[in-house]
Amino acid sequence: MQCIWCSKKTADRDLEHIFPAALGCPDHMTLSGNVVCKRCNNKLSKLDLAVCDEFDLFAFFSGVPRRGGKTPQVLNRGNLIATIDPSGPKVSINMDQDPSPSHMKQQLGPYGGSQRNVKAKIAISGELASISAQVPFGQGKNFVRGLLKMALSCFTYHLGPEVASSNRFDPVREFVMHGKGTRRVLVAKGDDSQFLLASYPPWIGRDGNYCVEFRIATLHFLVDLSPDETQFLELRQKAQDFFGPDGFFVLPTSLV
Ligand SMILES: [Zn+2]
């Protein structure tokens, strides 16, 4: 078989998850038969990580086990640590300008030191206090590259590696492999709050190119796989009809 990313012959890997295993991708949602070589799998793992990082808190609070069935935890947010012990989930957030110890005794970084920091707010109303947390979402290019990687993986899952190896997908491959160019992704909020991974059959747009839809957590991602994004406007119209004018947004946010 040949690799769907670099087109070289593969013989060394059997299974490739279409979503990161760390987000709970089940074993039936895999590409079998050596369609991703070991080298590409290693090279692109940072894109999987970028996608996992965006969903880390959601996965934690939804109880999604980490790779190998390990207990959920969040350790790389800088000013937040979230772990689970026998008494339940524990979260420490530091909103100070100085480091501060967490429930794990580790020091938490100051707020504002990293783009991945979480902004917590406490609101008090009468005798009730509530805490809300704001998390920046979808800012990094590697996240968008990771989404395109998942889009072509979902496509391969439904239509097979032969169709996916067509050179019509070369611009998508270039973007995923080398970050070349820009690609836009439509993101819509589903109407339930379940943490779910789903891949829907691709469809062909008016100009004869493919579009892909998949879901991670509560979000639906709509991806135009045409060589030069000629179907993006059609896809945007579809999102507007289906999710309403305020029901979706475009990544990267700087290209809206
Ligand atoms: Zn490869």
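## Terms and model

A residue counts as buried when its relative accessible area is under 20%, and as partly exposed when that value lies between this limit and 50%. The structure described here is a predicted model.

Arg116 and Asp53 are both buried. They form a salt bridge, with their closest N and O atoms 3.9 Å apart. The two residues come from distant parts of the chain, 63 residues apart. Asp53 belongs to helix α1, which covers residues 38-54. Arg116 sits in the loop between β6 (107-108) and β7 (119-125).

A network of salt bridges links Asp53, Asp56, Arg77 and Arg116.

## Other salt bridges

The structure holds 11 salt bridges. Side chains of opposite charge can pair when their charged atoms come close. One of the pairs is Arg184 with Glu229, whose closest N and O atoms are 3.2 Å apart. Arg184 lies in the loop between α5 (170-178) and β9 (185-189), and Glu229 in the loop between β13 (219-224) and α6 (232-243), so this bridge ties together parts 45 residues apart in sequence. Arg184 has a relative accessible area of 23%, so it is partly exposed. Glu229 is buried, because its value is 13%.

Another pair joins Arg215 and Asp192, with 2.7 Å between the closest N and O atoms. It too links distant parts of the chain, 23 residues apart. Arg215 is in strand β12 (residues 210-217). Asp192 is in the loop between β9 and β10 (196-199). Arg215 is buried, with a relative accessible area of 4%. Asp192 counts as partly exposed, at 29%.

## The zinc site

Which residues hold the zinc ion? Cys3, Cys6, Cys37 and Cys40 coordinate the ion through their SG atoms, at 2.3 to 2.4 Å. The site is tetrahedral, with angles of 102 to 117 degrees among its 4 donor atoms. Along the sequence, the donor residues follow the spacing C-x2-C-x30-C-x2-C.

Cys3 is at 1%, so it counts as buried. Cys6 is at 23%, so it is partly exposed.

## A nonpolar surface patch

Phe61, Val91, Ile93 and Met95 form a nonpolar patch on the surface. Together they have about 330 Å² of accessible area. Met95 lies in the loop between β4 (88-93) and β5 (100-101). Met95 is partly exposed, because its relative accessible area is 31%.

Key. Residues numbered from 1 in each chain as written. Predicted model: local features only at pLDDT ≥ 70, side-chain atom pairs only at ≥ 80, totals over all residues. Heavy atoms only, no water. Donors = N, O, S within 2.8 Å, 3.2 Å for Na, K, Ca; no water. Tetrahedral: all angles 85-135°; square planar, octahedral: opposite > 155°, others 65-115°. Buried < 20%, exposed > 50% of the residue type's maximum accessible area, 1.4 Å probe, protein only. Patch = residues over 30% accessible without salt bridge, like charges linked within 9 Å, V, L, I, M, F, W, Y side chains within 5 Å. Areas by Shrake-Rupley, 256 points an atom, 1.4 Å probe, with all protein chains shown as cover. Salt bridge = Lys/Arg side-chain N within 4 Å of Asp/Glu carboxyl O. Helix = DSSP H or I, 4+ residues; strand = E, 2+ residues; numbered from the N terminus.
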